Amino acid sequence: MKLLATTTRYYLLLATLLFILGSFGLYQGVNWALRTEMGEQLAARQRELLDKARTNQLPPVALLKTLLLVSTQPQPVGFRDTLIYDAQEHEQVPHRQLTFALPTRREGTVWVTLRKSLVETEDLLGVVLAVMLGVLALLLGGTVLLNRWLASRIWAPFQRTLAALRGYDLQQHQVLKLPTATVSEFAELNQALTTLSQRLVADYENLREFTANAAHETQTPLAIMQAQLEQLLQVPALAEDPAAAPLVADLYGATLRLSRLHQALSLLSKIENRQFAHAQPVRLDQLLAEKMAQLEPLFDARELRYGLDISHPPVVVQMHPGLADSLLQNLLQNAVKHNVRGGELAVSLSAQELAISNSGLPVEGDPARFFERFRKHNPASDSPGLGLSIVQQICGYYGWAVSYSVAEGGTRHRLRIRLKPDSAVPSKQKTASLAAPNQPRNRAAPPVAMSPE
Amino acid sequence: MKLLLVEDESALRTALRSSLRQAGYVVEEAHDFAQAQEKIMLYQYDCVLLDLTLPDGSGLDLLRALKAEGSPAGVLIVTARDALDDKITGLDLGADDYLIKPFHLSELNARLRAILRRRQFQGQQQLVFRDLLVLPDLAEVHVRGELVTLTRKEYDLLLYLLANPGRVLTKEAIAEHLCGDAVDAADSFDFIYTHLKNLRKKLQEKGADNYIRTMYGVGYKLSHE
């Protein structure tokens, strides 16, 4: 519920309550004033009749009877309310009446009753209520209109702040830019948010630097370990001890795994930090064919039937050549890793789409989670489970949609990448290409440079 | 063959030096930019092994200096993986090849061999190992004078072994050499085994000695004995 609606609700509740009380009070007040006035009028008439009686100017009682309600029997004196049937209106009408004793010369004391209709007070009540309800309705309508106006005017800075927050992306390393607000509460809010985002950006930057430094510093000892272990394997004494060599070999293998994990993680963090601004036209069809040829022995080893279908070459995409290489490598490797012996692997590439489908064991779980980091189907596997995560990051970087589907009872897996950016993403691409001039050494490389041959 | 090894990490330099000396190279070292620059100016090398990240300068500047001087030396760049753009720039500047840290020493040997072969013999050369003769330009393999027909991968494998005679080659290094880097080790050992088995069979059919030795649990070795 909106803040304004909430406050208005209480405000209107109070207003209604006050209006009820007010109407009641007003009615009572006006009613009391009218009755008092009525009583005064009756009393004045009484005084007039008594004066006339004293000065003997009264008409005879018989004549009086035609004008007034006169009784020769003693009646209770004083003011009273009574209901009289009105023959014309066909209803009981409330009256105020005053009964008093009137001494006359000729016929002795008679009791006179003066009456006045109170019917006007009911009309009055109607008028009072109508006026009050009218004002209440005006107030309600007015409040709603006022709120609309307020919402669009006074709350506008707040809405702007909210929009800025929604669109905020820490990975762009920008401090939140908020317009200055005239309302002091909003100004304070904006200031607090700006301070917060400054701190966040600084922390993020520190963390990023730390990660980058840590990654870089880890690389060197890993390279040393790998080189020294390889040298250790050459020591002739090692060949004489059949137990020692496999130990060193295992150590060597573990070092390689560690360095591969390290490479994958730093690649991921670099993509997240948008450090691959340098995009150039990449012949995806050539690169794909090259990669397939390179992995051929791996396909053969698993006795896979494989096929590559490229419709309408050349397929050229704008991307970082290193990322293109990594993308295809991870996709193909994933398709081999999750394949079965003697299975199938089909790759098709068109200008719109890259699709890889492979046979494999049925998998359980939510397909969306396959892209999570360190996710692997076989927990005993040597691979750290970062392949698909890297695929997703690279595609996300260029705004391509990745979809996974499964068919034939869960044994045919299909990954599709739409090679056109989503409509929502060009802004990101824009930042990527805008960042390019900051990298002075970016130049095009011959495509052959990407293959480690 | 005289090499200049430019590497700032002393432990890595030591390992590289001993590996390269085992492979029969004369190795000179430089541990920073200034020293490397001095040596490049003073001496001639057949190949420079160049680490791009040096404490007092960029290896790319050394590469520029080398090329500006018209040096005939081959250049093999060694970069960190995250410096992809540097690698591209390096190749543009005229480096012969690149290696990404961390790398297999046996891979380094293979790359160096290829560079030196391309640069110095202009292709007119042959590789001889015991009763084996390889003509790289014709991609021909002869055993005791008889031609052996090998598949592409078997041939690559043999060249890799020949680039590292007497050296223990790990399964991982062979797998990466044949399948490109970052291949999952466990997946690829089967095919190395298959290819090696076929290669051995083809060589022995022509009467070659069994010099491709299996190092149990480690890898393979092209043995002199």
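What you see is a predicted model, in which local features need pLDDT of at least 70 and side-chain atom pairs count only at pLDDT 80 or more, while totals for chains, interfaces and linings use all residues. Residues are numbered from 1 along each chain as its sequence is written, and chains are lettered from A and ligands numbered from 1 in the order in which they are written.

Let me start with confidence. The pLDDT is the predictor's confidence in each residue, on a scale from 0 to 100. For chain A the average is 79, and 89% of the residues score at least 70. Within chain A, strand E8 (residues 344–349) has the highest confidence, at 89, and helix H11 (residues 426–435) the lowest, at a mean of 36. Across residues 424–453 of chain A the pLDDT is below 50, and this stretch has 40 contacts in the model beyond near neighbours in sequence. A contact here requires that the C-beta atoms of two residues, placed from the backbone, lie within 7 Å. Where pLDDT is low, the predicted coordinates should not be read in detail.

I turn now to the sheet. Helices (H or I, at least four residues) and strands (E, at least two) are DSSP runs, numbered from the N terminus. Two strands count as paired if DSSP finds at least two bridges between them.

Consider the individual pairings. Strand E2 (residues 78–86) of chain A is joined to strand E3 (residues 91–104) of chain A by 9 bridges, and Asp86(A) stands opposite Glu91(A) in E3(A). E2(A) and E3(A) form a hairpin with 4 residues between them, and His90(A) in the turn has a positive phi of about 55 degrees. E3(A) also pairs with strand E4 (residues 108–117) of chain A, over 10 antiparallel bridges. There, Leu102(A) has Val110(A) in E4(A) as its bridge partner. The hairpin of E3(A) and E4(A) has 3 residues between its strands.

Next, where do the chains meet through helices? Helix H5 (residues 184–234) of chain A packs with helix H1 (residues 10–22) of chain B at an angle of about 35 degrees, their axes being 9 Å apart. Residues of this contact include Ala223(A), Ile224(A) and Ala227(A) of H5(A), and Leu12(B), Ala15(B) and Leu16(B) of H1(B).

Finally, chain B. Its secondary structure comes to 8 helices and 14 strands. Of its 225 residues, 48% count as buried. A residue is buried if 20 or more other C-beta atoms lie within 10 Å of its own, exposed if 12 or fewer, and partly exposed in between, with C-beta atoms placed from the backbone.

Is Asn109(B) buried or exposed? Asn109(B) is buried, because 23 other C-beta atoms lie within 10 Å. This residue is in helix H5 of chain B. Leaving aside neighbours within four places in sequence, Asn109(B) is in contact with Ala23(B), Ala163(B) and Asn164(B).

Most residues other than glycine have a negative phi, and most peptide bonds are trans. The bond from Lys101(B) to Pro102(B), however, is cis, with omega near -5 degrees. Pro102(B) lies in the loop between strand E7 (97–101) and helix H5 (105–120) of chain B. Arg130(B), which is not a glycine, has a positive phi of about 50 degrees. Arg130(B) is partly exposed, with 15 other C-beta atoms within 10 Å. Ala139(B) likewise has a positive phi, near 55 degrees, and is exposed, because 11 other C-beta atoms lie within 10 Å.

Conventions. Axes fitted to C-alpha atoms, helices over the stretch in contact; angles between N-to-C directions.
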